[in-house]
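Subject: Structure handover

Hello,

Please find below the structure I said I would pass on. My notes on it follow.

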Amino acid sequence: MVEDCKCKECTCGKMSMDELIRQVEDNRKPFTEEIISDYQFLRRFNEKAEPHLFKWHVDSEDRTVTVLNDNNWKFQFDNEIPFYMKKGDEIKIKKGMPHRLIKGTNQLCLLIEL
(Lines give C-alpha, C1' and ligand atoms only; values in the text may rest on other atoms or scores of the structure.)
Protein backbone atom coordinates (compact mmCIF):
# COMPACT_ATOMS: atom_id res chain seq x y z
CA MET A 1 0.00 0.00 0.00
CA VAL A 2 1.23 3.48 -0.83
CA GLU A 3 1.86 5.42 2.37
CA ASP A 4 -0.39 8.38 1.48
CA CYS A 5 -3.26 6.23 0.19
CA LYS A 6 -6.64 7.26 1.59
CA CYS A 7 -8.45 4.13 0.44
CA LYS A 8 -10.01 2.20 3.33
CA GLU A 9 -11.88 -0.43 1.33
CA CYS A 10 -9.60 -2.18 -1.12
CA THR A 11 -6.22 -0.80 0.01
CA CYS A 12 -5.39 -0.19 -3.64
CA GLY A 13 -2.93 2.56 -2.82
CA LYS A 14 -4.41 4.84 -5.46
CA MET A 15 -6.99 7.03 -3.72
CA SER A 16 -5.99 10.66 -3.62
CA MET A 17 -7.08 13.22 -1.05
CA ASP A 18 -9.29 14.80 -3.75
CA GLU A 19 -11.09 11.48 -4.28
CA LEU A 20 -11.53 11.00 -0.54
CA ILE A 21 -13.06 14.48 -0.26
CA ARG A 22 -15.36 13.76 -3.22
CA GLN A 23 -16.63 10.62 -1.50
CA VAL A 24 -17.16 12.34 1.85
CA GLU A 25 -19.08 15.17 0.19
CA ASP A 26 -21.17 12.84 -2.00
CA ASN A 27 -24.70 13.25 -0.63
CA ARG A 28 -26.51 10.92 -3.03
CA LYS A 29 -28.78 8.39 -1.35
CA PRO A 30 -28.25 4.68 -2.09
CA PHE A 31 -31.98 3.97 -1.85
CA THR A 32 -35.39 4.82 -3.22
CA GLU A 33 -38.13 5.70 -0.80
CA GLU A 34 -41.88 5.15 -0.86
CA ILE A 35 -43.90 7.03 1.75
CA ILE A 36 -46.62 4.84 3.23
CA SER A 37 -47.87 7.25 5.93
CA ASP A 38 -46.58 10.11 8.07
CA TYR A 39 -44.82 7.53 10.25
CA GLN A 40 -43.95 4.70 7.86
CA PHE A 41 -41.86 4.48 4.73
CA LEU A 42 -40.32 1.77 2.60
CA ARG A 43 -36.70 2.01 1.50
CA ARG A 44 -35.13 -0.15 -1.18
CA PHE A 45 -31.34 -0.12 -1.07
CA ASN A 46 -29.49 -0.72 -4.31
CA GLU A 47 -26.78 -3.37 -4.21
CA LYS A 48 -25.04 -1.61 -7.09
CA ALA A 49 -24.62 1.66 -5.16
CA GLU A 50 -21.06 2.68 -4.43
CA PRO A 51 -19.89 1.52 -0.97
CA HIS A 52 -18.93 5.03 0.16
CA LEU A 53 -22.62 6.05 0.06
CA PHE A 54 -23.32 3.82 3.09
CA LYS A 55 -22.03 6.30 5.65
CA TRP A 56 -22.13 6.33 9.40
CA HIS A 57 -25.00 8.57 10.40
CA VAL A 58 -27.46 9.41 13.18
CA ASP A 59 -31.20 9.88 12.96
CA SER A 60 -33.10 12.81 14.47
CA GLU A 61 -35.80 10.57 15.99
CA ASP A 62 -36.26 7.04 17.30
CA ARG A 63 -37.22 4.49 14.70
CA THR A 64 -37.88 0.80 14.22
CA VAL A 65 -36.54 -0.85 11.09
CA THR A 66 -38.09 -4.10 9.87
CA VAL A 67 -36.21 -6.20 7.32
CA LEU A 68 -38.63 -7.25 4.56
CA ASN A 69 -36.53 -9.58 2.42
CA ASP A 70 -33.85 -12.22 2.57
CA ASN A 71 -30.47 -10.59 1.98
CA ASN A 72 -26.79 -10.67 2.87
CA TRP A 73 -26.48 -7.12 4.19
CA LYS A 74 -25.10 -6.17 7.60
CA PHE A 75 -26.15 -3.56 10.14
CA GLN A 76 -23.76 -1.97 12.63
CA PHE A 77 -24.18 0.27 15.66
CA ASP A 78 -21.20 2.35 16.76
CA ASN A 79 -18.72 0.34 18.86
CA GLU A 80 -20.51 -2.93 18.10
CA ILE A 81 -19.77 -5.83 15.77
CA PRO A 82 -21.81 -5.76 12.53
CA PHE A 83 -24.49 -8.43 12.19
CA TYR A 84 -26.29 -9.95 9.23
CA MET A 85 -29.89 -8.90 8.84
CA LYS A 86 -32.54 -11.44 7.98
CA LYS A 87 -36.15 -11.19 6.90
CA GLY A 88 -38.39 -10.33 9.84
CA ASP A 89 -35.66 -8.77 12.01
CA GLU A 90 -36.71 -5.62 13.89
CA ILE A 91 -33.94 -3.18 14.71
CA LYS A 92 -34.66 -0.41 17.24
CA ILE A 93 -32.58 2.70 16.59
CA LYS A 94 -32.54 5.43 19.22
CA LYS A 95 -32.31 9.09 18.25
CA GLY A 96 -28.65 10.13 17.95
CA MET A 97 -27.26 6.55 17.90
CA PRO A 98 -24.54 6.24 15.22
CA HIS A 99 -25.12 3.35 12.82
CA ARG A 100 -24.59 2.21 9.25
CA LEU A 101 -25.45 -0.44 6.68
CA ILE A 102 -22.81 -2.63 5.07
CA LYS A 103 -23.98 -3.47 1.61
CA GLY A 104 -24.62 -6.94 0.32
CA THR A 105 -25.03 -8.38 -3.16
CA ASN A 106 -28.79 -8.13 -3.58
CA GLN A 107 -31.44 -5.46 -3.00
CA LEU A 108 -32.37 -4.69 0.61
CA CYS A 109 -35.95 -3.70 1.49
CA LEU A 110 -36.67 -2.06 4.86
CA LEU A 111 -39.84 -0.78 6.47
CA ILE A 112 -39.02 2.21 8.67
CA GLU A 113 -41.44 3.30 11.36
CA LEU A 114 -41.04 6.48 13.38
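I begin with the pocket. By residue class, the lining of the largest pocket consists of 13 nonpolar, 3 polar and 8 charged residues. Please keep in mind that this is a predicted model, so the values here are all computed from its atoms.

The largest pocket has a volume of about 470 Å³. Its lining comprises 24 residues, and those nearest the centre are Lys29, Phe31, Arg43, Lys55 and His57. Four strands, β2, β3, β7 and β8, each contribute at least two residues to the lining of the largest pocket. Of the elements, β7 (99-102) gives the most to that lining, namely 3 residues.

Overall fold

The protein chain contains 1 helix and 8 strands. Read from the N terminus, the order of elements is α-β-β-β-β-β-β-β-β. The chain has 114 residues, of which 35% are buried.

Strand β1 and strand β2 (residues 40-45) run antiparallel and are joined by 5 bridges. A hairpin of 4 residues connects β1 to β2. Phe31 has Phe45 in β2 as its bridge partner, and Phe31 is also one of the residues nearest the centre of the largest pocket. The other pairing is between strand β3 (residues 63-67) and strand β8 (residues 108-113), which is antiparallel with 4 bridges. Here Thr66 has Leu111 in β8 as its bridge partner.

The three-stranded sheet

A further open sheet has 3 strands in the order β5-β4-β7, and the pairing is again antiparallel. The edge strands in this case are β5 and β7, each pairing on one side only. Between β4 and β7 there are 4 bridges in the antiparallel sense. Within this pairing, Phe77 stands opposite His99 in β7, and Phe75 has Leu101 in β7 as its bridge partner. Those two β7 residues, His99 and Leu101, make up the covered face of the strand. The uncovered face of β7 consists of Arg100 and Ile102.

Individual residues

- Arg63 is found in strand β3. Arg63 has a relative accessible area of 10%, which is under the 20% cut-off, so the residue counts as buried. The side chain of Arg63 makes a polar contact with the side chain of Asp59 at 3.3 Å.

- Asn79 is found in the loop between β4 (74-77) and β5 (83-84). Most residues other than glycine have a negative phi. Asn79 is not a glycine, yet its phi is positive, at about 65 degrees. The relative accessibility of Asn79 is 75%, which is over the 50% cut-off, so Asn79 counts as exposed.

- Arg28 lies in the loop between α1 (17-25) and β1. At 45% relative accessibility, Arg28 falls between the 20% and 50% cut-offs and therefore counts as partly exposed. The C-alpha atoms of Arg28 and Glu50 are separated by 10.0 Å, and the two residues are 22 apart along the chain.

Where to look in the viewer

For the side-chain contact, select Arg63 and Asp59.

Regards

How values were computed:
Residues numbered from 1 in each chain as written. Predicted model: local features only at pLDDT ≥ 70, side-chain atom pairs only at ≥ 80, totals over all residues. Heavy atoms only, no water. Pairing = 2+ DSSP bridges. 1 Å grid on protein atoms, 1.4 Å probe; cavity = no way out; pocket = protein on both sides within 12 Å on 5 of 7 lines; lining within 4 Å. Points joined across faces, edges and corners; volume = space filled by probe spheres on them. Nonpolar A, V, L, I, M, F, W, Y, C, P; charged D, E, K, R; others polar. Buried < 20%, exposed > 50% of the residue type's maximum accessible area, 1.4 Å probe, protein only. Polar contact = N/O pair within 3.5 Å; in protein donor to acceptor, adjacent residues only side chain to side chain.
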